[in-house]
Amino acid sequence: MSDRGYKRSWKNLLINKRYQLRFTLFMVGLSALLMGLLGWWVVRVATEATTVAQSSIRGDACVALPALPAKPKAARPPPAPVMPAVVPAVPAVDDAADPDDPEGTARRRAVVLEESQIAIEAAPVPPPPTVPADFVQQITSHHLCELDRQARIEDAAVGKRRIIIVMVASGILLTLGLAVFGIKMTHRVAGPLYKVQLYLAKLRDGRYDKVYDLRRGDQLVEFYEHFKHAHAGVLALERADVERIRAALDAAIADGVADRSDEAKAAAAALREVLARKEKSLG
Amino acid sequence: MAEDQVPPAVVVQGGKLPGDVPSTTGAPAPAPSGGGRRHRRIQNYLLDKSLQLRYVLAVTLVSALIAGSLGYLIYQQEHRASDKLEQGLKELAGNDASLSEYGREAADDIASRDRHLVFKMVGVGFALTVILSGYLVVMTHKVAGPLYKVGLYMEQMAEGRLGKVTPLRKGDMLQDFYDEFRDAHGAVRERLRADNAVLDRFAAAWADAPGESSAARSNQLDELRRHVAARAKALG
């Protein structure tokens, strides 16, 4: 029997919303719950592991910074030289001519400072401190070790963040995937049911169309076979009725009963209507 | 107890009470009292193994995948922390014998905790699988049940028997589909009954009609009556 080549389309995926969404939501909800609970557990353990790892890294000792060698003592500086006070000399009158006072009316005073000599003795320059030969290397390796430690601590934190990100991303992907899978999976059940529903509506209206096969991949194949048998059974009943009515009407006409009884005439007319309807239904 | 108080015997057919599902034998199933409300039985939960187990398997596999992946992550993290601790203890102990002994004991304790965690996870996973499978069987039963019931009614229809269709149990799914089936079944049954009534009236009018009785007429009438009686019996 042909299946009339109906193809699946994403537009028709939700045929029986109530049934399909109920199942899909159940699957999605369950998975989300599982992911949530186990995810919480993962985060807790990851936090513990990260804390342990970071503590362990912090416990790794780096080479200590080398101490600077003590400064050599400088020679005691000599006492500061005493500078003699500048003693102003006895003022004396300067009798030399003043160009602004050609007449020499103003009194003028001349001050003479005594000169002195200051001798400053410089302190001796201390010798430069002596450091070990690998001093720079020690400092470098200390800072490199510190940087490496910080990097490893940060790396542990990044590892935890990565786990959470991967978990959340895979959770979202899984939820979406499950939703699509659930709808597609239930569609394979809802599809045959929808098809049977269409045929049932025709049966209800007295139309006995040809029943086509399911599409490839559909479920409920056995159930659909039941339906086909049922359809064939009803069809057989109708055909048996048609045969019996035809035979009865032919015999009644041959008997001429319609001419002898009005009641029989009316019954025969009603039976002809039934026969006409049944023949039309069977096509 | 008086004899009239003794409840009538109920014949269990194929593990099912009559009225729970339509009869698979000759006569149409009798309409159960109380609207056919029967309780579910444990042995009947797997009605359509292929349909139900497909769902159970799919959901169980997905759950196992989630639980397995996250369980592995948990174990990996825990194991890494344990390794760090053990390493730290070893470094701390150095060549000290007493500290080494303490370190070994601590390492054993950590390993035992790790094993305990694995057992716990396996236990949780197993319990989850059992509970989930059980719940899914119950849930899919609510779909398989109506389909099973409709399937039996359809087999009756295939044999030309259209009895009364009883309603579904409370909690069953596919109510819309079942209502559609019930409507169609009822419509076909009523139509056939009405047609049978017309045939019966015609047979009666023909038999009552005045005139000589011929052998052909008698044969036809007998055939007609048998047909009407058989159909009336099949339609319940």
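Predicted model: local features only at pLDDT ≥ 70, side-chain atom pairs only at ≥ 80, totals over all residues.
Residues are numbered from 1 along each chain as its sequence is written, while chains are lettered from A and ligands numbered from 1 in the order in which they are written.

Let's start with chain A. It has 5 helices and 2 strands, where helices (H or I, at least four residues) and strands (E, at least two) are DSSP runs numbered from the N terminus. Along the sequence the pattern reads α-β-β-α-α-α-α. Of its 283 residues, 22% count as buried; that label needs 20 or more other C-beta atoms within 10 Å of a residue's own, with 12 or fewer making it exposed, anything in between partly exposed, and C-beta atoms placed from the backbone. Among chain A contacts between residues at least 6 apart in sequence, 82% join residues at least 24 apart. A contact here is two C-beta atoms, placed from the backbone, within 7 Å.

Now look at α2(A) and α3(A), which pack at about 10° with their axes 11 Å apart. Axes are lines fitted to C-alpha atoms, for helices over the stretch in contact, and angles run from 0 to 180 degrees between N-to-C directions. The pair is therefore roughly parallel, since angles under 35 degrees count that way, over 145 as roughly antiparallel, 65 to 115 as roughly perpendicular and the rest as oblique. From α2(A), Pro192(A), Val196(A), Tyr199(A) and Leu203(A) meet Phe223(A), Tyr224(A), Phe227(A), His231(A) and Val234(A) of α3(A). By class that contact has 8 nonpolar residues, 1 polar and no charged. For the classes, Ala, Val, Leu, Ile, Met, Phe, Trp, Tyr, Cys and Pro are nonpolar, Asp, Glu, Lys and Arg charged, and the others, Gly among them, polar.

The loop between those two helices holds Leu220(A), with a positive phi near 60° despite not being a glycine. Leu220(A) is buried, with 24 other C-beta atoms within 10 Å. In chain B, Leu174(B) sits in the loop between α2 and α3; its phi is also positive, about 60°, and it is no glycine.

How do the chains meet?

Finally, take α4(B), residues 215-235. At 1.5 Å a residue, its 21 residues should span 30 Å, and its end C-alpha atoms are 30 Å apart, which agrees; the expected span is 1.5 Å times one less than the number of residues. Its buried residues are Gln220(B), Leu224(B), His227(B), Val228(B), Arg231(B) and Ala234(B). They cover an arc of only 130° around the axis, so they lie on the same side of α4(B); the arc is that of the directions from the helix axis to the C-beta atoms. These buried residues pack against α3(A) together with α3(B). The face turned away carries exposed residues, including Ala215(B), Asp222(B) and Lys233(B). After the helix comes Gly236(B), with a positive phi near 70°.
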